[in-house]
Amino acid sequence: MRKLIAGMLAGSAMLLALTPAKAADDAAAAIAMVEKGTVYLQKNGKEALIKAVNGKNAEFINGDIYLAVRALDGTQLAHPVNPKLVGKNMVVLPDADGKLFRKEIIDQALAKGHGWVDYRYNNPSSGNIEKKSTYFSKAGDVILEAGIYKGK
C-alpha cells in the first residue's frame with residue numbers, strides 16, 4: 001500500500017512539475033503563430049492574410065491557439081474562431097474585470113511593437129471565464145495576435 005501511495009504522489013508531483021513547461025510551450029506556440037502570420041503577411045500581403053485567417057486556414061489554427069488580425073483602430077479584420085467579431089471594433093468593451101485589454105494591446109503595439117497582455121475572458125472550450133494572455137505584434141498597419149488560456 002505504501003508503494004502505491006508513494007507512486008501516486010510521485011506521479012502527481014511529476015504532473016505538477018510539467019505544468020509550467022506546458023504554459024511555456026503554449027507561450028512559445030502563441031509567439032510562433034504570430035511570427036508565422038508575419039512571414040505570411042510579408043510574402044503574400046495583408047488581404048491574403050485576412051482571407052487565409054477568416055477562411056480558417058489550418059496554418060493559422062493550432063488547437064486552442066489561433067491567429068487573429070486587428071486594425072490599428074481596433075477593428076477586428078480576421079478571426080478564425082468567431083467570425084461574428086470580424087468588422088467590429090470592441091476596444092471600449094472590457095474583460096470580466098473591467099480591463100480594456102484591446103486598447104492596451106493597441107497602445108502597447110504602437111509604443112513597443114510587440115508584447116503580452118493579460119486579462120480574463122470566456123474560454124469557448126470550457127465555457128468559463130479564465131485568465132488569458134495574448135501575444136501581439138504590430139506588422140505595418142495591423143496587429144497580429146495569438147492568445148493562450150491559463151485556467152481560472
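Author: A residue is called buried when its relative accessible area is under 20%, and exposed when that area is over 50%. The model discussed here is a predicted one.

Reader: Which residues of helix α2 are buried?

Author: Helix α2 spans residues 46–54, and Leu49, Ile50, Ala52 and Val53 are buried in it.

Reader: How do you know on which side of α2 they lie?

Author: Around the axis they cover an arc of only 165°, and therefore they lie on the same side of α2. In an α-helix there are 3.6 residues a turn, so residues three or four places apart point the same way. Glu47 and Lys51 are exposed and sit on the face of α2 turned away from its buried side. After α2 comes Lys56, with a positive phi near 60°.

Reader: What makes Phe60 count as buried or exposed?

Author: Phe60 has a relative accessibility of 0%, and the limit for a buried residue is under 20%. Phe60 therefore counts as buried.

Reader: Why are the rings of Tyr40 and Phe60 called a pair, and of which kind?

Author: Ring centres must lie within 6.5 Å for a pair, and planes over 60 degrees apart count as edge-to-face. For Tyr40 and Phe60 the centres are 5.2 Å apart and the planes stand at 90°, so the pair is edge-to-face. Tyr40 belongs to helix α1 and Phe60 to the loop between α2 and β1, 20 residues apart, so that the pair links distant parts of the chain.

Reader: How is the pair of Phe101 and Tyr121 classed?

Author: This pair too is edge-to-face. The rings are 5.6 Å apart centre to centre, with 75° between the planes. Phe101 lies in helix α3 and Tyr121 in strand β5. Together with Tyr119, these two residues form one aromatic cluster.

Reader: Which residues have the most contacts inside the largest nonpolar core?

Author: They are Leu49, Val53, Phe60, Leu67, Val69 and Leu144, in a core of 20 residues. Two or more residues come from each of α1, α2, β6 and β7, and α1 gives the most, with 5. Leu49 is in contact with residues including Tyr40, Phe60, Val69 and Leu144, its neighbours within four places in sequence being left aside. A second, separate core has 9 residues, among them Phe101, Ile106, Ala109 and Ile143.

Reader: What makes β4 and β5 edge strands?

Author: The open sheet has 5 strands in the order β4-β3-β7-β6-β5, with antiparallel pairing. β4 and β5 each have a single partner strand, so one side of each is left without a neighbour in the sheet. Neighbouring strands are turned by 35° against each other on average, direction ignored.

Reader: How do you know that β3 and β7 pair?

Author: At least two bridges are required for a pairing, and 4 bridges join β3 to β7, which run antiparallel. In β7, Leu144 is the bridge partner of Val69.

Reader: Which strands does α2 touch, and which does α3 touch?

Author: α2 packs on the sheet and touches β3, β4 and β7, its direction making about 80° with that of β4. α3 also packs on the sheet, touching β3, β5, β6 and β7, and its direction makes about 170° with that of β5.

Definitions and conventions: Residues numbered from 1 in each chain as written. Predicted model: local features only at pLDDT ≥ 70, side-chain atom pairs only at ≥ 80, totals over all residues. Heavy atoms only, no water. Buried < 20%, exposed > 50% of the residue type's maximum accessible area, 1.4 Å probe, protein only. Arc of directions from axis to C-beta. Axes fitted to C-alpha atoms, helices over the stretch in contact; angles between N-to-C directions. Contact = heavy atoms within 4.5 Å. Core = buried A, V, L, I, M, F, W, Y, C linked by side-chain atoms within 4.5 Å. Phe/Tyr/Trp six-rings, centres within 6.5 Å; stacked < 30°, edge-to-face > 60°.
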